[in-house]
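These are my notebook entries on one structure. I record what I looked up, entry by entry.

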Amino acid sequence: MKMKEIAKKLCVAFTVTAVVVYYSGFGINTGFCKEAGAKKPLAEQDYIVRTKSEAPLNKIKRNYSESDNINDNKQDLLEENNMISLELSESEAAELSVDDNIEFIEEDAIVEGSAQKNKVILNEKKPHKKQKKVNKKNSSDHEWNVQMINADKIKKNKLKKKIKIALLDSGVDAGNDISLAYSISLVPGEEEMTKIFMDGSGHGSSVAGLIAAQDNGEGITGINPNAEIYSIRVLDDANQAPLSRVIEGIYLAIEQKVNIINMSFGLNTYSEALEEAVEAAAEKGILVVAAAGNTGDKGVQYPAAYEEVLAVGSVDKQGEVTENSAKGEEIEIVAPGELVRTTGFLGTEMVSSGTSLAAPQVAAVASLIWERDPGVSADFVRDLLKESANLYGEAESYGSGLVDAEYALGHYDEFKKNIDSRQKNEKDLRIEENKEKITTFEDTGCVEGCWYQDNHELMVPANYFNVRYGARFPDTSRYGDYDHRVFARMSLNPWWHGYYKKTNYIKAVIYATRMGDAISSGKGNQYKALNPNYNNATDMLSDINYMDNHNVWEEELKRIKARYINNDKAQAQKETVGFRRAFVWGMAIHAATDTYAHSVRYQGKLITHSTTVNGVERADSTEVCNNRYLDAQKIAKQIMNKYLNKQSLSVYDLILPQAPTDYQIYNLYNYVASMDLNAASRVSSYSYSSSSK
């Protein structure tokens, strides 16, 4: 019996308690949500339903309750494919399962146990004896993993035709040494989430950095900085995602006409809905790459296990498959994934491990191949990746071998010439087998949790998670209803969102940090020594008092612990005055960086939320004046430097080191001048006065 038929029969039972997917470090596990309120009662679960046509879909929308797993940014793509996520009781689910108009129904969740689908491996390669070139220590400017896959030898050209790579992940922070072509969150309540701190856990930014971190002398350099990154955030602040949101993300990537989709996560059970989305991507000529999983001998996870997906395992500094890398005949290729250095928070560099880090390196090499001729097919790229890989171990662990960028590009013309020289069923390689020496290392200089910066200036370690969380907090909608949110929405709370029309955003940022310092010093929240003439000081103080009186501190700390489940420091964090100071300084950073979304004049007009670019509001679109995101990151770093050194923030910390040339900031001169005329003279060239205050 075919896998889909088996799955359909299994889906009728509906007796298993639903669980959600969440990240554990850089791998994804399954389990019950540890955060109170996140798990639905047994009487009601979320299910994905696929109808045979549009008419029955509209009917069940009228008769059943829809789930709230996807936000208002993009919630129509599932329906365009006759799918919907519903909240159903067990009896309602059973009722729908026997409806002739229903193609399939399955839980919008993950359960233990796996029924794996075998792939068809086009080329059978025999492993050869491993040859290696041993380095005692990495003394190169290139990261050890880049050297191992010979990507350091590839000349990086800025081509007009760029390959589009969609990252379905936790988001990518705009301006963090990665040029984003597109960024959106599908997480409910994040319709207005700032692009500066889009990444809720750091995972998405680390994946993006390995692919496309800029070659600018800062941090690492990605394998292909020329690639265009399309960031689709599907994981929420607790690092959880229902299956329906992942599927919506795939359809969104298809809509954006990307070339490659990278999914650095895995699910333990087969899903027909997920497979159909993957098949739809493949039919559109998209190469789908996924991490095989950190499951060891327990097998390859989905979506990597699907036939249409290039499954990637991980190797260590010796080129040996890591113990936790998934094993199975679905493995197609491997890449470095043990103690790999990549992009962290606010320009930091982080070191971590997992197949999650191996997959994007393969996606990056695929983009280098595709740049040679964007007209070739995804199958062409996939086959060349595999045939050029260096196989020196068993296929169930190594697949076709270690990815090799130099060998693939060096044999590109030969491969293309010979592409039609054999029958489909023939197993002979179209290029000479790769038996080159593997570059290995005794010491890579990378250890878990270490941080680096080339110029040795103080930077922000990513374990300052309380600040990072506070920086994202004002864009959430947990407190207050939609029209009366306590922190979200720039029109209601302009002091947290850098909105020039309704507040002096310079005073707002400084006042926020002073409130944070007052909390830490034991003076309480009544500290008002900043400037008695700041009109919104009472409003900001009222917001902090709201946090005191409504257990907000305790609730947000619970969410932080749920997000950083494997971080010992996060788990040990107490609700202290130091925690509150860090949180409020993060909120101040949000207020400062949001100025670059809500108070910028570009090409003679205010960038507003009223118009969209590719479905994203102009104010939050990375495609509109991307330099403002880079500059916002500079301001964020300057504020963080004062936070780390426990120094008071000044107006000079909110001034750019160099004036921008392609945009202006509304009322900046007036707002800075209200505090320091000398400082105001430095911003006159990029300030634009407005009569609307």
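I began with phenylalanine 487, which is buried at 2% relative accessibility; buried means under 20% relative accessible area, exposed over 50% and partly exposed in between, with a 1.4 Å probe and protein chains only.

I noted the basis of the entries: the model is predicted, local features need pLDDT of at least 70, side-chain atom pairs count only at pLDDT 80 or more, and totals for chains, interfaces and linings use all residues. Residues are numbered from 1 along each chain as its sequence is written, and side-chain values use heavy atoms, with hydrogens and water left out.

I then looked up the partner of tyrosine 666 and found an edge-to-face aromatic pair with tyrosine 688, at 5.2 Å centre to centre and 80 degrees between the planes. Rings of Phe, Tyr and Trp (its six-membered ring) pair if their centres lie within 6.5 Å; planes under 30 degrees apart count as stacked, over 60 as edge-to-face and the rest as tilted. Tyrosine 666 is in strand β23 (residues 664–666) and tyrosine 688 in strand β24 (residues 687–688), so the pair ties together parts 22 residues apart in sequence. Strands (E, at least two residues) are DSSP runs, numbered from the N terminus.

Is each of these two tyrosines buried or partly exposed? I found tyrosine 666 buried at 8% relative accessibility, and tyrosine 688 partly exposed at 29% relative accessible area.

I also recorded that the charged end of arginine 601 sits over the ring of tyrosine 688, 3.8 Å from its centre; this requires CZ of Arg or NZ of Lys within 6 Å of the ring centre and within 35 degrees of the ring normal.

Last, I listed a cluster linked by ring pairs: Tyr469, Phe473, Tyr479, Phe487, Tyr546, Trp553, Phe579 and Phe583.

Conventions: Helices (H or I, at least four residues) and strands (E, at least two) are DSSP runs, numbered from the N terminus.
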